[in-house]
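Here are a few notes to read alongside the model. Have the sequence and the 3D view open while you go through them.

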Amino acid sequence: MEDMLLYDRLQFAFTITFHYLFPQLTMGLSLLIVFFKFRFLRTKEDKFNQAARFWMKIFALNFAMGVVTGIPMEFQFGTNWAKFSELTGGIIGQTLAMEGMFSFFLESSFLGLFLFGEKLLGHKLHFLTGLLVFLGSWASGFLIIATHSWMQHPVGFEILANGKYVLTNFGALFSNVWLWPSYLHNQAASLVTASFVMAAVGAFYLLSKKQEEFGQLFVRTGVIFGLAASLLAAFPTGDMTAKNVVKYQPETFAAMEGIFETEKGGSEIILVGQPNMLEKKLDNKIAVPNVLSFLTYQKWDREIKGLNEFSPENHPTNVPGLYYAYHIMVGLGTIFIGLLSLAAVQLFRRKLYTTNILLWGLLFMLPFPYIANTTGWYTAELGRQPWLVHGLLRTAEGISPTVSSGNTLFTLLGFVGLYLLLGLLFLLLAGKIIYKGPQTAIK
Amino acid sequence: MELFWYIVLMTMLAVYVILDGYDFGAGIIHLFFAKEEKDKVLITKSIGPFWDANEVWLIAAGGVLFFAFPTLYASAFSGFYLPLIMILWLLIFRATGLELRGQLHNSLWENIWDKAFGLASLLLALFFGVALGNVVRGVNLGMVENGVSTQEAHYFFLPLWNSTLDPQSHQLGIIDWFTLLFGLISVLALTIHGAAWIIFKTNSSLNSRLKTVIFYANLGLVGLILLSLLLGFILNPLPFQNFCSRPLVWIFTAVMLTGSLGLFKIRSWKKDGMGFLFSSLFLAGGFAATVASIFPNLLPSTNTVNPSLTIYNVAAPEYGLKTGLSWFVVAVVLVALYLVIQYRVFRGKMDDVDYHGEH
C-alpha cells in the first residue's frame, strides 16, 4: 500500500513536471507571437512578420511536446487515481471535460491553420487564427486551474452518505476565491518564461554578432514584457495567492515560510535557513524581524501561527521540500525583477544592446523561469498535501485500489525513458531552429 | 439524462473512430505500401493539419466519460491500466513521428520517424480493437475468487494476457484469441479506411493499387467478422440475444453492411470520395451495432456475484448532468463550426498544401 502510493505520486509528479515545461512557454509565447503579428499588420514592416514566423516554428515544436505529454495527464486521473476520480469525478470531471470541449478543439483546429495557412488565409485571417490559438491555450490553463482550485479550496458541493462528492452549484467552481489570483499568477509566470526565452535568444544573437536586427527586437520585447509580467507575478497576483494560503491553509503557510514557533509581537521573514525536522526548528537562519507579519496583514506586530501549533497529521507531508520550493520561487522572482529593471533602464538609455554584462545575464537566465514556475507549482501541490481535496480527502485514499506497485513502477520507468528522449529531441531541434535564426526563414 | 450522455459519449467515440481511424489507416498504408519519398510525403500531408484535432475527440470523449460516468472512468481506466498507458506511449510515437520527421533532412532521421509513425499507427489500430473486444467479452468485476469479491464490486485489474489466451478462463487477460480477433478486424477496417482517405485526399501514384488493397482487405474483413459472430455466439450469448430483439441494432448493422458491400465496388467508382464515405459507414455502423448490442451495459461482468456496469449505476448525479448540458450545447456548436472551417480550408486534394513549412 505504501509503495503503491509512492509510485502513483512519483509518476504523477514526474509526468506533470515534465509536461508543464511546455505549456508555460506555449501560453506566454502565443501572446508574444500574436503581438508580433499585430505589429506587422499595423506597421507593415516585414521584420515583425518574419519574427512571428520564426517563433511559430519554436511554438509548433513546443506545442507538439505539450500535446503528447498532456494526454497522459488526463488519463492518469483514472489509471492511477481511480478512487479519487470515482468520488469527485462529477465535479472535477466537469471542468476537465470543458477543457477538452472548449480549449483543445479550438487550439487543435486552428493551430494547423495558423501554422500552414498563412498563404491560404491572408494576413488578417492568419492573425485571427493566431488569436484563437492563444485564446484556446489560455482557456485550457483557466480550466485546469479551476480544477486545481477546487482541490485546494472545495466549493459548491455536498458529500453523500456513500462518500461521493456531488456538485450542487456549478457557478461556484468559477467564483472560487482560490481561482482568479492563482490563474492570473500562473499566466503572469507563463509570460515571464516566454519573455525570458525570447530575450535569451535575442541576447544570443547580439552576443554572437549575427541576426542583430532580430536580436535587438527579441531582447527589447522580452525585457519589456518580462518586466511587466514579473512585477504582476509578485504583486498583486502572488500576494493575493499567498493571502489565500494564510487564510485557508494556515499550516501550509507556516511550513512554506519556515515558521515553526508562533512569535509574540510579529513574525520575521526568513531569507535563508534549513528546516530541522528532528527538532522542529530552522537552522542557520537569516531573517528580518516583523516583515512577514507586515506583508501578510499590513501590521508589524500581528501574530502568525507557527507550524508546531497544528496537529502533526495535518502538517504538509514534505515540509522541507515545500519550504525550499517556495523560497526558490520567491528568490528567483526577486532576481528576475532586479535584472529586468536594470535592463529596462539601459534600454531606455538606448545602451542595452551594447551592455554585454546584461546580455550575458539575460542569456544565462534562460533556465531559471522554468525553475521558478516548477517550484511555484511544487509549492502549491506539496502545500496541499496530505490532502487531495483539502481538509476532506487524503491523498492515500485516492489511489487506484487494483493497480499494484509493480505495474506503476513499470509505467513510471517507461515514462522516464520516453520523456528523456523527448527532452533531448526538443533541445536538439529547438537549438537547430534558433541557430539558423529568423533570417533564413524567408521563403 | 444518463441516456442522453450515453448517446453523446458513444457518438463522440464513433466520430473519433472515423476521424483518427483514417490517420491510423494512413499510417498502416504508409508502413506497408509507400515506398517512394513523394508518396510518403503525400500521405503525411493528407493527415498533417487534421490528426491533432482528430485526437482531441478521444481526449474530449474521455472528459465526458469522466464527468458523466465517473465510476466507469475509474473502474475501466484502472482495470485496463497497462494497455491504456501503452496506448499513450504509442500516441506519443505517432505524434512525434509525424511532427519531427520534417525537422531534419537526413534519410536516417526520416526513416526512423516513418517507422515510428507507421508502427505506432498499426499497433494503435490493434489495441483499440482489442479494447472493444474486452468490452464485449466483459471482465471479472470485483475480482471474484471462489464466489467472493476481493475488491469493491466495480473494480478489477487485467494483466495483458494469461498463459492460454482463453477468453473463458477463470483468469482473464486483455489479449486472448477472442479480443485479438477484434484487434485484427480493427486493423483491416482501418487499413481500408486509411487507404480510402488517401485516395480521397491525394493524387498519389499509389491510388489505383490502393483500390485493389481495399478490395482484398474488405474480403478478409468480411470473413473475420463472420468468424467473430460465430465465435461470439458460442462464447457470450447475451449481446447476441439483444442483437435479435433490438430493431436499432438491426439498423446499425444494415448501415455497416451497406458500407461493407459498397467497398467491394471501389474499383468502379469515378468519385474519389465514395470509398471514404462507405468505409465511414462501415465503421460507424459496426461500432454502433456493437455497443448497442450490449446496451444498457457499458462493461459487462463475467461473474454472477457483481452486476455489470450500466449507464445507470455509474452515472454522476442529476444536477451535474443537467448543468453539463448547458455548456455542452454551446461547445458542440463551436466544435462543429471549427470542423467546417478546417475542412473547408483544406478541401479537395492536398498535394499542394504546404505542410511542414521547413524547406
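1. Before we start, one term: two residues count as touching, or in contact, when they have heavy atoms within 4.5 Å. Also keep in mind that this is a predicted model.

2. Start with Trp55(A). Leaving out residues up to four places away in sequence, Trp55(A) touches Leu29(A), Ile33(A) and Phe36(A), and also Val197(A), Met198(A), Val201(A) and Phe218(A). Two of these names come back when you look at the largest nonpolar core: within its 225 residues, Trp55(A), Phe218(A) and Phe69(B) have the most contacts.

3. As background, nonpolar side chains tend to be buried together in soluble globular proteins.

4. Next, how do the two chains meet? On the chain A side 69 residues are in contact with chain B, and on the chain B side 68 residues are in contact with chain A. The area buried between them is about 6100 Å², and carbon and sulfur atoms give 75% of that.

5. Which residues lie nearest the centre of the largest cavity? They are Leu111(A) and Leu115(A) from one chain, with Trp51(B), Asp52(B) and Glu99(B) from the other, out of 15 lining residues.

6. Staying with that lining, the elements that give two or more residues are helix H3 (46–80) and helix H4 (82–116) of chain A, plus helix H3 (51–68) of chain B. H4(A) gives the most, with five residues. By type, the lining divides into 10 nonpolar, three polar and two charged residues.

7. Last, have a look at His327(A), which sits in helix H12 (residues 319–348) of chain A. Is His327(A) buried or exposed? It counts as buried because its relative accessibility is 16%, and the cut-off for buried is under 20%. Setting aside neighbours within four places in sequence, His327(A) is in contact with Met256(A), Glu257(A), Ile270(A) and Leu271(A). For a sense of scale, the C-alpha atoms of His327(A) and Lys164(A) are separated by 37 Å, and these two residues are 163 residues apart along the chain.

Methods. Residues numbered from 1 in each chain as written. Chains lettered and ligands numbered in written order. Predicted model: local features only at pLDDT ≥ 70, side-chain atom pairs only at ≥ 80, totals over all residues. Heavy atoms only, no water. 1 Å grid on protein atoms, 1.4 Å probe; cavity = no way out; pocket = protein on both sides within 12 Å on 5 of 7 lines; lining within 4 Å. Helix = DSSP H or I, 4+ residues; strand = E, 2+ residues; numbered from the N terminus. Nonpolar A, V, L, I, M, F, W, Y, C, P; charged D, E, K, R; others polar. Core = buried A, V, L, I, M, F, W, Y, C linked by side-chain atoms within 4.5 Å. Buried < 20%, exposed > 50% of the residue type's maximum accessible area, 1.4 Å probe, protein only. Buried area = accessible area lost by both parts, 1.4 Å probe.
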